[in-house]
Amino acid sequence: MDAHPAPSEAAPAPGASPVPPKADGVHALRVVLGVSILVLAIGLLAVDEITDRPFAFILLTVLAGTFALHEFLGMLPADRVAPFRALALLAGAMVLAASWADTFAKPAASFGREAALAGAFFLLLWRASRMPLERETLEGLALAFFGVFLLGYLVGFLIRIRLCPEGETACWMIIACVKGGDSAAYFAGTLFGRHRMTPRVSPKKTWEGAAGCVLGGMLLAVPFAIFWGWGKAHPIDTLALGAILGAAGQAGDLAESFLKRCLRVKDSGSLFGEAGGFLDLIDSLLVAAPAAYLYLALSPVAWDWTWKI
């Protein structure tokens, strides 16, 4: 979501102090909804902790990914994607479910998600083979498979992280750093925003807001290393992961903004009224979750967890 606004179109005079722009009600509402999702996710994680079962978080992730995929398919040209919609939703749920099944496999055989993604492609290819052999059919196949990858495979990293040792704490940290950093970006952009980051893709994003997002992610990572039992965490490693989560959240926001610009749509849906759809609220996690997983798996100074790729 586009969280941090830029100043008005007129460039400030050299040496002039930045004038905080008027708060955008839509962006403020998205911040509130983002924080609400954070609270809901933490609540579900707490339920899982009490019951010693991760079913609530996994169920929420599968439903969120599938619903966001439904919204994404709705953004695409109907004449291209409509024949693939039902199978794409089924394939997305299948890939998400495979993220859970991987946990019960031996490390050497834990490629269920990749196998499910390949199966999703051939399932959609089978559907395309029964359609007219035209360019429009190929475009529909590519768009539907891209949606499955984006909201099935990438979202599935959250499930993989949750089911790793200390994965519950890691999920708390990812959601807190990403959504909290998003809110920090909004306020930093409102107070200090002057230099636009990507005017063509997201005119209201500023470099000052992006810096606030990264700083917010770093600050929010510290309590997890202190209070949640990460005694072996190196301070630099903690700050680095927080910064990565903040930057990756920004990348997810920009990626969805790019898609919406290309598709000439304002929001992914209308579930939350002027704040847009569900995809608008979880877009920052699409890059942050795989980035966190890879960092924790590959970092030479990462916490003493038995991470497996």
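How many of the 26 residues of α8 are buried?

Mentor: In α8, 22 of the 26 residues are buried, so the helix is largely enclosed by the rest of the structure. Buried here means under 20% relative accessible area, exposed means over 50%, and partly exposed is in between (1.4 Å probe, protein chains only). Before going on, note that this is a predicted model, in which local features need pLDDT of at least 70 and side-chain atom pairs count only at pLDDT 80 or more, while totals for chains, interfaces and linings use all residues. Residues are numbered from 1 along each chain as its sequence is written, and side-chain values use heavy atoms, with hydrogens and water left out.

α8 covers residues 167–192. From its first C-alpha to its last it reaches 36 Å, close to the 38 Å expected at 1.5 Å a residue. The expected span is 1.5 Å times one less than the number of residues in the helix.

The chain around it has 12 helices and 2 strands. In order from the N terminus, the elements are α-α-α-α-α-α-α-α-β-β-α-α-α-α. Of the chain's 309 residues, 50% count as buried. Contact means heavy atoms within 4.5 Å. Among contacts between residues at least 6 apart in sequence, 75% join residues at least 24 apart.

Helix α5 (residues 112–129) has 18 residues, which at 1.5 Å a residue should span 26 Å; its end C-alpha atoms are 25 Å apart, which agrees. Its buried residues are Arg113, Ala116, Leu117, Ala120, Leu124 and Ala128. Down the axis of α5, these buried residues fall within an arc of 125 degrees, so they line one face of the helix; the arc is taken from the directions between the helix axis and the C-beta atoms. Ala115 and Phe122, on the other side of α5, are exposed. The buried residues of α5 pack against α4 (85–101), α6 (135–153) and α7 (156–162).

Two of those partners, α4 and α6, pack at an angle of about 30 degrees with their axes 9 Å apart. Axes are lines fitted to C-alpha atoms, for helices over the stretch in contact, and angles run from 0 to 180 degrees between N-to-C directions. Residues of α4, including Ala88 and Val95, meet residues of α6, including Ala144 and Leu151. Both Ala144 and Leu151 are among the buried residues of α6. α6 itself has 19 residues and reaches 26 Å, close to the 27 Å expected.

Further along, helix α10 (residues 235–263) and helix α12 (residues 285–298) have axes that come within 8 Å and cross at roughly 150 degrees. That makes α10 roughly antiparallel to α12, a label for angles over 145 degrees, whereas under 35 counts as roughly parallel, 65 to 115 as roughly perpendicular and the rest as oblique. Leu245 and Ala248 are among the α10 residues that meet α12.

Met218 lies in helix α9 (residues 207–227) and is partly exposed, with a relative accessible area of 25%. Leaving aside neighbours within four places in sequence, Met218 is in contact with Leu239, Gly242 and Ala243.

Conventions
Helix = DSSP H or I, 4+ residues; strand = E, 2+ residues; numbered from the N terminus.
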